[in-house]
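Please look through the sequence and the model below.

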Amino acid sequence: MAVREVEILLVEDNPDDEFLIVRALRKHKVSNRIHIVRDGEEALDFLLCRGRYGDGHCDRTLKLVLLDVKLPKMSGLEVLAEVKKNPSTRHIPIVLLTSSHLQEEMLRAYTEGANSFLQKPVDFDQFDELIRQVGYYWIRLNQNPDQIMLVAEVQGHEEELLTPA
């Protein structure tokens, strides 16, 4: 699959959680266009089109980042902060997933611009349902800024004023 066609970036270092998330997304027909990275640095490389992802073709169809909080090399919270301060990536919805109960992490995530912060259920069926609902909402229901066009009536004609880059 071409990197341009990715709808969901999954940033997860735990192979078991990775398997369950991908399985749930495919089982519930949310998306098959998933790219997986396993640490914070690679996530930023992918999102900011640098390193091995720096081929100059960053016009992606990315609709969602599922981001684990505890990652090697760079934490999910650090990745979130970098993505949200970059004008070319700040519009991408980021859902943080964690097994932690720390309220401080949740507060920091929302302060840094997280779109959602969810605790990973221990129960398999609950985990499956959580991923189904998250995926369905962000991929099927949510309207991304790149889908929004502002239109104004100018001298009796509708004229396009803004289309996101």
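The protein exposes about 9,500 Å², and carbon and sulfur atoms supply 50% of this area. Accessible areas come from the Shrake-Rupley method with a 1.4 Å probe, and for residues only the protein chains shown count as cover. This is a predicted model, in which local features need pLDDT of at least 70 and side-chain atom pairs count only at pLDDT 80 or more, while totals for chains, interfaces and linings use all residues. Residues are numbered from 1 along each chain as its sequence is written, and side-chain values use heavy atoms, with hydrogens and water left out.

Of the 165 residues, 42% count as buried; buried means under 20% relative accessible area, exposed means over 50%, and partly exposed lies in between (1.4 Å probe, protein chains only). The protein has five helices and seven strands, which are DSSP runs numbered from the N terminus (helices H or I, at least four residues; strands E, at least two). From the N terminus on, the elements run β-α-β-α-β-α-β-α-β-α-β-β. Among contacts with a separation of 6 or more, 62% come from residues 24 or more positions apart, where contact means heavy atoms within 4.5 Å.

Next comes the sheet. Five strands form an open sheet in the order β2-β1-β3-β4-β5, with parallel pairing; two strands pair if DSSP finds at least two bridges between them. Strands of a sheet pair through backbone hydrogen bonds, either parallel or antiparallel. The edge strands here are β2 and β5 (116-119), each of which pairs on one side only. From one strand to the next the twist averages 20°. Strand β3 (residues 64-68) pairs with strand β4 (residues 94-98) in the parallel sense over four bridges, and Leu-67 stands opposite Leu-96 in β4.

Helices pack on this sheet. Helix α1 touches β1, β2, β3 and β4, and its direction makes about 175° with that of β2. Axes are lines fitted to C-alpha atoms, for helices over the stretch in contact, and angles run from 0 to 180 degrees between N-to-C directions. Helix α3 (residues 76-85) lies across β3 and β4, running at about 175° to β4. How much of α3 is covered? Seven of its 10 residues are buried, so α3 is mostly covered, given that buried means under 20% relative accessible area. The buried residues are Gly-76, Leu-77, Val-79, Leu-80, Ala-81, Val-83 and Lys-84. They pack against α2 (40-47), β3, β4 and α4 (103-111).

Now to the charged pairs. Side chains of opposite charge can pair when their charged atoms come close. The structure holds 14 salt bridges, each a side-chain nitrogen of Lys or Arg within 4 Å of a carboxyl oxygen of Asp or Glu. In one of them, the side chains of Arg-33 and Glu-7 meet at 3.8 Å, N to O. This pair links distant parts of the chain, 26 residues apart: Arg-33 is in the loop between α1 (15-27) and β2 (34-37), and Glu-7 is in the segment before β1 (8-11). Arg-33 is partly exposed at a relative accessible area of 33%, whereas Glu-7 counts as buried at 9%.

Another salt bridge joins the side chains of Lys-27 and Asp-128 (3.3 Å, N to O). Because Lys-27 lies in helix α1 and Asp-128 in helix α5, the pair ties together parts that are 101 residues apart in sequence. Lys-27 counts as partly exposed at 43% relative accessibility, while Asp-128 is buried at 8%. Arg-50 forms a salt bridge with Asp-45, with the closest N and O atoms 2.7 Å apart. Arg-50 has a relative accessible area of 37% and is partly exposed; Asp-45, at 22%, also counts as partly exposed. Salt bridges that share partners join Glu-12, Asp-17, Asp-68 and Lys-120 into one network.

The surface also has a nonpolar patch of about 310 Å², made by Tyr-136, Tyr-137 and Leu-141. Patches are made of residues with over 30% relative accessible area and no salt bridge: like charges are joined within 9 Å, and nonpolar side chains (Val, Leu, Ile, Met, Phe, Trp, Tyr) within 5 Å. Tyr-136 lies in helix α5 (residues 124-141) and is partly exposed, with a relative accessible area of 42%.
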